[in-house]
Amino acid sequence: MNEGAHADVIEADVVIIGGGPAGCSAALALKGSGKKVLLVDKAVFPREKTCGDSIPAHALIGLENVSPGIYDSFLQKVQSVSFRSSALVFPNGSQIVFNWTLPGYIAERRIFDGFLLDRVIVTTDAQVITGLKVVDYQRVTDRQYVAISRGWKAWTHTSNLFSIIPGFSPAIFGCSR
Ligand SMILES: Cc1cc2nc3c(=O)[nH]c(=O)nc-3n(C[C@H](O)[C@H](O)[C@H](O)COP(=O)(O)OP(=O)(O)OC[C@H]3O[C@@H](n4cnc5c(N)ncnc54)[C@H](O)[C@@H]3O)c2cc1C
């Protein structure tokens with residue numbers, strides 16, 4: 001870790017590493033908790049990622065629980081196609097068809113994930129930093145330090161409020177999630 005004297009330091013109660021759906025959900029859920037939240041993502045949004053682009057209704061219902069109004073906002077802002085059934089199609093032509101009681105949606109993940117991060121920026125007090133990769137992590141007594149890129153670091157003051165590392169290899173940190 002770079003412990004340079006000139007490092008810019010950000011204090012936070014919770015540091016969220018990764019601004020995908022997991023990290024955004026965590027930031028939205030922490031709204032109103034009184035905790036100072038920092039969310040960091042190495043990518044600049046909107047960013048692409050490998051995905052089938054389907055969004056189950058239950059995912060949106062779950063999001064509605066942590067951020068009331070987000071379901072309607074999704075329907076208004078995110079271009080999508082709704083579906084009521086989907087199928088697994090095998091090379092031999094056989095299929096397994098699933099019929100859903102609630103509609104699911106197909107939307108580009110670049111757009112959907114960008115929408116979620118915008119929701120965090122617009123509706124919460126979380127500080128969001130994109131384009132900076134977390135490169136190291138070290139726990140020191142009752143503090144957790146998170147190094148961010150070169151010369152940057154963030155720390156949490158309490159050990160039970162912690163780094164959330166969605167989509168991130170714990171091996172890089174040398175710690176468990
Ligand atoms: C082939 C495939 C098809 C899929 N199809 C579907 C589907 O149709 N429907 C569905 O619901 N799910 C689908 N999934 C699963 C879904 O995409 C993921 O489970 C979900 O999006 C993961 O969200 P996440 O927030 O955990 O991770 P991610 O969205 O991957 O977010 C992790 C974020 O962490 C950031 N990050 C990583 N390392 C660092 C670092 N060192 N410092 C800072 N930031 C960092 C990344 O830039 C990224 O933005 C599919 C997955 C795959 C692989």
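**Reading the sheet and a helix pair**

Tutor: Strand 5 and strand 6 form a hairpin with five residues between them, and G93 in the turn has a positive phi of about 95 degrees. This is a predicted model: local features need pLDDT of at least 70, side-chain atom pairs count only at pLDDT 80 or more, and totals for chains, interfaces and linings use all residues. Residues are numbered from 1 along each chain as its sequence is written.

Student: What is the order of the strands in the open sheet?

Tutor: Strands of a sheet pair through backbone hydrogen bonds, either parallel or antiparallel. Strands are DSSP runs (E, at least two residues; helices are H or I, at least four), numbered from the N terminus, and two strands pair if DSSP finds at least two bridges between them. Here the order is 4-6-5, with antiparallel pairing. Strand 4 (54-55) and strand 5 are the edges, each pairing on one side only. Eight bridges join strand 5 to strand 6 (residues 95-106), with V89 opposite Q95. Two bridges join strand 4 to strand 6, where I55 has Y105 as its bridge partner.

Student: How do helix 1 and helix 4 cross?

Tutor: Axes are lines fitted to C-alpha atoms, for helices over the stretch in contact, with angles from 0 to 180 degrees between N-to-C directions. The axes of helix 1 (residues 21-29) and helix 4 (residues 109-123) come within 9 Å and cross at roughly 20 degrees. That makes the two helices roughly parallel (angles under 35 degrees; over 145 is roughly antiparallel, 65 to 115 roughly perpendicular, the rest oblique).
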